[in-house]
Amino acid sequence: MKSANIAICGAGIAGIATAWSLAVKYGQSKVVLLDKNQPMSLTTSKSGENFRDYWPQPCMTALTRRSIDLMQTLADDSKDVFEMRYSGYDFVSESKGREIFPSDQLQDPGNAGNILRIIGNDQISATQGYLGSSIRQLVRFEQAGAFDVHALGSLMLKHARNAGIELWRAGVENIEKTSKGFRLSLSGDLEFNSLDTEKLVLAPGPFINELVGMLGITLGVESIMQRKFIIPDPKDVIPRDMPFTIFADPQYLDWSDEEQELITADPDYGWLLEEFPAGLHIKPEGAHNIKLGWAYNREPSVPQWETSDDFDFPNITLRGASRFIPALTQYVHEPPTPIVQFAGYYTRTRENLPLIGPLELAGLFTASALSGYGTMAACGAGELCADWMMGGDLPQYAPYFHPDRYADATLMAEINQVESDGQL
Ligand SMILES: Cc1cc2nc3c(=O)[nH]c(=O)nc-3n(C[C@H](O)[C@H](O)[C@H](O)COP(=O)(O)OP(=O)(O)OC[C@H]3O[C@@H](n4cnc5c(N)ncnc54)[C@H](O)[C@@H]3O)c2cc1C
């Protein structure tokens, strides 16, 4: 039997950022960070590693801004070890009038220097020649870009361990409430199989329902598998300095008559003829590759530790991408190889806001449901979780992410009035 003041279950980017904040901001050292596997090997390793401070929900803007500020300080202090780049986001649309993620930010004069809006295809083609002639609107966000999440997590982990925090390779198999806190039953190669802790943070990514379930708690969280892939770009379709580019329109895919017939004949594939959501995204990756993702799956599933490739996904996504970057059509039928696919879960609440703060048992906290934005929001989320745990000053956005927010009808009415959930 071992004991700790604080145990954190999950060394994904959320658990690591919480450990880092507890160590660096609050000087806590009797903290144990537990993971069944290698740190950051689950959802975090699947991240597209993009960041933005542009959100339909003002609370998300505030959280990601704080997170980006914390990342910027870490980047400056570490001589840019995780390669944080403000390479921008370009939202493109075939409609001059489409509201791109309806948000007060577009109207806010304070953002004038950070948001560029170009209307009309002639102006857009003059600078973004790779975009199709159907594109009529481009909105660029400057406070956005990409970074290396594994390097960021390794840096925060190093700071936390230097401050005395321990990282253990152990699975949490069961949790019991005790008079002083919690007793965790552990699996793995440790010489002991349980840990008593006064405070417990649950940051287990897609396994949050399983972990809270050990304590009889239910949360409104679902996990939905999403994918991305990397392929070579032998025909240099995508300029190396192209911002992360997102198609802001829903669309129907373009199928030949023969393909349509085959699809119609098989009821399992009928969905390919339905409308696909906005949000397909593409960016250059390294010197010769491109990375594409499209969170069109909307079906929750029970999370699994292992995932497999979906052989239709690259073809579907390349078809969708050729709608706004026509030269990609040449890759639709013969995609360049190797195709490297990544699959992980967007673990999310219905309104797509995370759960950060105290749960219903004293001493129990969570930093979870970070959906498709957990790597960009991790530093802010970890700090907020640590603020709750240590009784620190809470930022104005704290109540919006409180796991018990559903009991506050006024707050929920405000949250629910925002139409878009900001998912990409
Ligand atoms: C395809 C894809 C693209 C994405 N792109 C972006 C992006 O561009 N930008 C962005 O900001 N976010 C992106 N995300 C989202 C981001 O990756 C996640 O929100 C984030 O990684 C979640 O981190 P986490 O620490 O909560 O979970 P995880 O990384 O899943 O970490 C949870 C950890 O808990 C451990 N664990 C679970 N159960 C137990 C247990 N019982 N005992 C011990 N350990 C346990 C696991 O082993 C794991 O290491 C993307 C996600 C996907 C799937």
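Helices H2 and H9 are roughly perpendicular to each other (angles of 65 to 115 degrees; under 35 counts as roughly parallel, over 145 as roughly antiparallel and the rest as oblique). The model is predicted, so local features need pLDDT of at least 70 and side-chain atom pairs count only at pLDDT 80 or more, while totals for chains, interfaces and linings use all residues. Residues are numbered from 1 along each chain as its sequence is written, and side-chain values use heavy atoms, with hydrogens and water left out.

Two packed helices are described by the angle between their axes and the distance between the axes. For H2 (residues 58-77) and H9 (residues 374-390), the axes cross at roughly 95° and come within 7 Å. Axes are lines fitted to C-alpha atoms, for helices over the stretch in contact, and angles run from 0 to 180 degrees between N-to-C directions. Helices (H or I, at least four residues) and strands (E, at least two) are DSSP runs, numbered from the N terminus. H2 contributes Leu 63, Thr 64, Arg 66, Ser 67, Leu 70, Met 71 and Leu 74 to the contact (heavy atoms within 4.5 Å). These residues meet Met 376, Ala 377, Ala 378, Cys 379, Gly 380, Ala 381 and Glu 383 in H9. The residues of this contact divide into nine nonpolar, three polar and two charged. Here Ala, Val, Leu, Ile, Met, Phe, Trp, Tyr, Cys and Pro count as nonpolar, Asp, Glu, Lys and Arg as charged, and the others, Gly among them, as polar.

An open sheet is formed by eight strands. Their order is E5-E6-E4-E13-E14-E15-E12-E16, and the pairing is mixed. Strand E5 (115-119) and E16 stand at the edges. Each has a single partner strand, so one side of each is left without a neighbour in the sheet. From one strand to the next, the twist averages 20°. Within the sheet, E12 and E15 pair in the antiparallel sense over five bridges (two strands pair if DSSP finds at least two bridges between them). Pro 232 has Asn 289 in E15 as its bridge partner.

Helix H8 packs on this sheet and touches E12, E15 and E16. The direction of H8 makes about 75° with that of E12. H8 (residues 313-322) is mostly covered, with nine of its 10 residues buried (under 20% relative accessible area; exposed is over 50%, partly exposed in between, with a 1.4 Å probe and protein chains only). The buried residues are Phe 313, Pro 314, Ile 316, Thr 317, Leu 318, Arg 319, Gly 320, Ala 321 and Ser 322. Their cover includes strand E12 (221-232), helix H7 (257-265), strand E15 (289-293) and strand E16 (340-349).

Strand E18 (residues 364-368) is largely enclosed by the rest of the structure, because five of its five residues are buried. Both faces are covered. Leu 364, Thr 366 and Ser 368 are buried on one side, and Phe 365 and Ala 367 on the other. E18 runs parallel to strand E11 (residues 194-202), to which three bridges join it. Leu 364 in E18 is the bridge partner of Leu 200. With strand E17 (residues 355-358), E18 pairs in the antiparallel sense over four bridges. Pro 358 stands opposite Phe 365 there. The hairpin of E17 and E18 has five residues between the strands. In this hairpin, Gly 363 takes a positive phi near 90°.

The loop between E16 and E17 holds Asn 352. Asn 352 is buried, with a relative accessible area of 0%. Leaving aside neighbours within four places in sequence, Asn 352 is in contact with Ser 371, Tyr 373, Asp 421, Gly 422 and Gln 423.

Ser 3 is found in strand E1 (residues 2-9). At 47% relative accessibility, Ser 3 counts as partly exposed. Apart from neighbours within four places in sequence, Ser 3 is in contact with Lys 30, Leu 195 and Asp 196. Ser 3 and Tyr 400 are 397 residues apart in sequence and 33 Å apart in space, C-alpha to C-alpha.

The structure holds zero disulfides (pairs of cysteine sulfur atoms within 2.5 Å). The cysteine sulfur closest to that of Cys 9 is in Cys 385, 13 Å away and too far for a bond. Cys 59 is in no disulfide either, and the nearest cysteine sulfur, that of Cys 385, is 17 Å away. Cys 9 counts as buried at 9% relative accessibility. Cys 59 is buried, with a relative accessible area of 6%.
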